[in-house]
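Here is a short briefing to read with the model open beside you. Let's take it topic by topic.

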Amino acid sequence: MIIKGGIVYDPANGIFGEEMDICIENGRIVEDAGGEVIDASGLLVMPGGVDAHSHIAGPKMNTGRIMRPDDSRIGTEPRTRVCRPSTGYTVPNCYAIGYRYARLGYTTAFEAATPIIEARHTHEELEEIPIIDKGALTLFGSNWTVMECVRDNDLGKLAAYVAWGLRAARGYGIKIVNPGGGEAWGFGSNVKGVHDPVPHFDVTPAQIIRALAEVNERLRLPHSIHLHFNNLGRPGNYTTAIETLELLKDIKPSRMRQVVHVAHMQFSAYGGTGWKDFESKASAIADYFNQTNHATMDLGQIIFGPATTMTADAPLEYANARIGHQKWSNHDIELEESSGVVPWVYMRKMPVNAVQWAIGLELALLTNDPWKVVMTTDHPNGGPFVNYPEIIALLMSREKREEEMKTLHEVVRSRSTLPSIERELDWSEIVIMTRAAPARILGLEDKGHLGTGADADVSIYNIKPDEIDPSKDHAKVKVGMSRAKYTIKGGAVVVRDGEIVAAPQGRTYWVDAAVPESDMDRMLLDLKEKFERYYSIRMSNYMVQDAYISNPFVVRAGVQPLREVI
Amino acid sequence: MILQIEDVLCTFCGCLCDDIRVEVDGGRIEKVRGACRLGSSKIMGHNRIKSPMIRVNGSLKETSYDEAYRKAAEILVSAKHPLLYGWASTTCEALKKGILLAEEIGGVVDTTTSVCHGPSIIGIEEKGLVGTTLGQIKNRADLIVFWGCNPSEAHPRHTLRYSSNACGRFTPDGRKGRKVLVIDVRETRTARNADRFLRIQPGTDYEIISALRMIVGGKAESLPEDIAGVSRKELIEIAEMMKGAKFGAIFFGLGLTQSRGRYKNVDNALSLVSELNSHTKFVIMAMRGHYNVTGANQVLTWSSGYPMAVDYARGAPYYNPGETSCCDLLSRRDVDAALIIASDPASNLPRGCVEALAEMPVIQIDPFENPTTLFADVVIPSAIAGIEAEGTAYRMDGLSLRLRKLVDAEYPSDVEILQAILDNVRRLRDDN
């Protein structure tokens, strides 16, 4: 296949809007190819989108769907010759997730949080999501075995457990959510900061985070630790964010990437002492990112209208339910985590929501290096991912931001710096934040770029970058980015003129990390006892079986062969 | 050769115990160890349907699988609005095929949920569910409340594995370190083992829960002396017991969902638990009956957005319990054919619905003969999931586990049967 005449943006390879042809063969980008010719004359061409943080599969998604038949009714689309039926807006069914990402030109999305013991369910849903490649991050931040290894300062054993846990969950990387808080929530409390000890375990969140970060590098995992801060969602929490990042400054990355990826930074960039004097501290956070080089972030931009909040930060969801007078689902997960789901609505005239909206945009615009920023809505926490084109338009046009701010509560002008920000992102920066950076941050070497050998994931939009001024024509940008003219996934055309024309099964990425056998043996001895005494299922029924991943892509990490564990 | 298989899953009730030991000799299950009597009897097996059958002139005649598939497809293709019902005692993989089939023929998928914990789901739609996995309760709970359920008879290993008698990290003394409260309309075996039994009048659950909510909310003085036959003093003691727990758990059964008030009872109980969390840690869980009824809800939800009663007649999922649930469809004669899998509506649905079923063409897929067989027009025997076929099932707390194949089957699996019917449906459609 040849994509002819497009204006190509491939910033990872130093290509910033050049007219060139892209050749595809056997699912990869090649130097030269024949076959089908796609006429992309003058059109915007870029790598397929990569979502590094999205909640798309697993128990909490289904909990959201069950709680919200009102939401499932929105977005209903009947079955077609190619597609299964779609439902939902903030909590779409599995099919809708695949089709909608593909229509946006996205070809990869990573589920952000899965407890090991419930990973089988996550994979059952991932298998049902068509088209896109996917993976799932695995939760370790409130896990008993992790906390005991940290308490005993036994990083060898911790590395063995993380390797085993990733294999058991068929997981891609270490996710840490409100470390220690998930355990404290087991008896209805929480941890208040990084140095507040976790009840019964004699460790602090700071120790958990640091140990997992060190182990992450010891195992040479493709992704860094992926961190949801303590105190997330609370006024004044930007100090917790900076204090936490300071803990990790001296850790040396084992690969060419960050040491820590911060999830949905917007929710942790808050000033004020309460909701009354709530204000943006995005500029302080962006300053910190500008002065350091060990951290990356995704935005967690909010979108006005309905959302469904879902997180392993269970105490936060309890607070959300109380503040919003909303229905509340909670789900504790034995020995590993806790979690919650609460429906939400972000309102333009609500002062806090208006400031939250500004914070996401400020973070993207005040952070100088776009490679440190991933555009997300923390779907569906900040709003559904289908709104990415709206964010792109906002980031590219000060005029659009001004128009929007006129419809918001006036505090958006006094409690954020957004009105004074002149920066308008260009196409290269957008492609970095939606493709190149998330791929690099996740450690997906064959994604996010169009160099020879890369996965042939390409999106082509009905936008002529040489004729359009995104600053003024932001409405056209939004429309154009909403429905790709072509989405090509693994060399196959899956979207043509905004419609799904094929729905192949994507791949599932997981990481198999090796550790020394002696560490694995020591760890397993302890773990077996945990299963005998504390888990409610048997160890032999715990691991996700191969049957649940029909199309795996296994990334090897670690140093020595991992002992086979059954 | 005798084969010992460890950590087998029991495919009887929603406990989905995964620590059963099975002895297989010469392709037959000889012994079952560690299961309760209900589970053992299921695993050991009983009257199987021997061959596919088709009803000819009023009586069932043996036939081939191919003929049975063809006949089943004919029924489904010629129906205007078929019902695909059951799914609680088979694998998630079977339901996935069933949903695809329903999409293609414009049918309705409903599960046994709609006549059992359907009201619980509607309650959750109203209030959310403050829940947990069972291991959390085993490790932490110091107060267990059984409300309108009787695990001693219906989920025999529940108390030992997961709840009142289980030992865990913060509950090393098991039953001795816990209080057990039973609230029911009769003194069940579960009630006889409780520390406290509150006997209530049938149909008064809603009033009792409302009173407890008022007490927990600090409004006890507004209550009358007597609430539906229970003294205010006694309810205050019970509310104090709940607030005083470090970790409390309510398990509820059909006593709440199928008595007067139905989903409102559940809604109220969910609210009580939500409010108790302002005082202490509290969770609540439905005692699901069939081993994979939870999985049926999960699969249907991720596929369609809705957990039960999904109508595909419009090409997109449509859900309106009370309209699209099996009893309502049958009593209105709003479906004109039925595929019944892994369930027995003839024994469990209201009489009017069973009469409606008896009047329409019925396809039955099941390993075992049951009263539904008496009026089925096509009967297709299947392998028993979890014994003769692999697959996925979800425990009552939503934890998914993989069922194993223990012995070879003489019968095709539910997945294979449904795929064959789907193939026949497609072929018939192409011919037309």
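Which residues have the most contacts inside the largest nonpolar core? They are Val45(A), Leu363(A) and Ala269(B), in a core of 327 residues. This is a predicted model, in which local features need pLDDT of at least 70, side-chain atom pairs count only at pLDDT 80 or more, and totals for chains, interfaces and linings use all residues. Residues are numbered from 1 along each chain as its sequence is written, while chains are lettered from A and ligands numbered from 1 in the order in which they are written.

**The nonpolar core**

- A nonpolar core here is a set of buried Ala, Val, Leu, Ile, Met, Phe, Trp, Tyr and Cys residues joined through C-beta atoms within 7 Å.
- A residue is buried if 20 or more other C-beta atoms lie within 10 Å of its own, exposed if 12 or fewer, and partly exposed in between, with C-beta atoms placed from the backbone.
- Helix α12 of chain A (residues 351-366) supplies the largest share of this core, eleven residues. Helices (H or I, at least four residues) and strands (E, at least two) are DSSP runs, numbered from the N terminus.
- Setting aside residues up to four places away in sequence, Val45(A) touches Ile3(A), Gly6(A), Ile7(A), Val8(A), Ile22(A), Ala40(A), Val458(A) and Ile460(A). Two residues are in contact if their C-beta atoms, placed from the backbone, lie within 7 Å.

**A helix pair in chain A**

- Helix α6 (residues 155-169) and helix α8 (residues 205-218) of chain A have axes that come within 9 Å and cross at roughly 70 degrees. Axes are lines fitted to C-alpha atoms, for helices over the stretch in contact, and angles run from 0 to 180 degrees between N-to-C directions.
- α6(A) and α8(A) are therefore roughly perpendicular to each other. For that label, the angle has to fall at 65 to 115 degrees; under 35 counts as roughly parallel, over 145 as roughly antiparallel and the rest as oblique.
- From α6(A), the contact uses Leu155(A), Leu158(A), Ala159(A) and Val162(A); from α8(A), Ala211(A), Glu214(A), Val215(A) and Arg218(A).
- Sorted by class, this contact of α6(A) with α8(A) has six nonpolar, no polar and two charged residues. Ala, Val, Leu, Ile, Met, Phe, Trp, Tyr, Cys and Pro count as nonpolar, Asp, Glu, Lys and Arg as charged, and the others, Gly among them, as polar.

**The parallel sheet of chain B**

- Five strands of chain B make an open sheet with parallel pairing, in the order β11-β10-β9-β14-β15. Two strands pair if DSSP finds at least two bridges between them.
- β11 (196-199) and β15 (281-286) of chain B each have a single partner strand, so one side of each lacks a neighbour in the sheet.
- From one strand to the next, the twist averages 15 degrees.
- Five bridges link β9(B) (residues 143-147) to β10(B) (residues 179-184), and Trp147(B) faces Ile183(B) in β10(B).
- Six bridges join β14(B) and β15(B), with Phe282(B) as the bridge partner of Gly248(B).
- Six of the six residues of β15(B) are buried, so this strand is largely enclosed by the rest of the structure.
- Helix α10 of chain B (residues 232-244) lies across β9, β10, β11, β14 and β15, at about 135 degrees to β10(B).

**Where the chains meet**

- The contact draws 52 residues from chain B and 45 residues from chain A.
- On the side of chain B that touches chain A, α5(B) gives the most, with six residues.
- By class, that side of chain B has 17 nonpolar, 20 polar and 15 charged residues.
- Strand β16 of chain A (residues 329-333) pairs in the parallel sense with β8(B) over three bridges, and Asp332(A) has Thr132(B) as its bridge partner.

**Loops and backbone details**

- His379(A) and Pro380(A) are joined by a cis peptide bond with omega of about -5 degrees; Pro380(A) sits in the loop between β18 (373-374) and α13 (388-396) of chain A.
- Asp497(A) has phi near 50 degrees, a positive value in a residue other than glycine; Asp497(A) counts as exposed, with 10 C-beta neighbours inside 10 Å.
- Ala309(B) also has a positive phi, near 50 degrees, but Ala309(B) is buried, with 26 other C-beta atoms within 10 Å.
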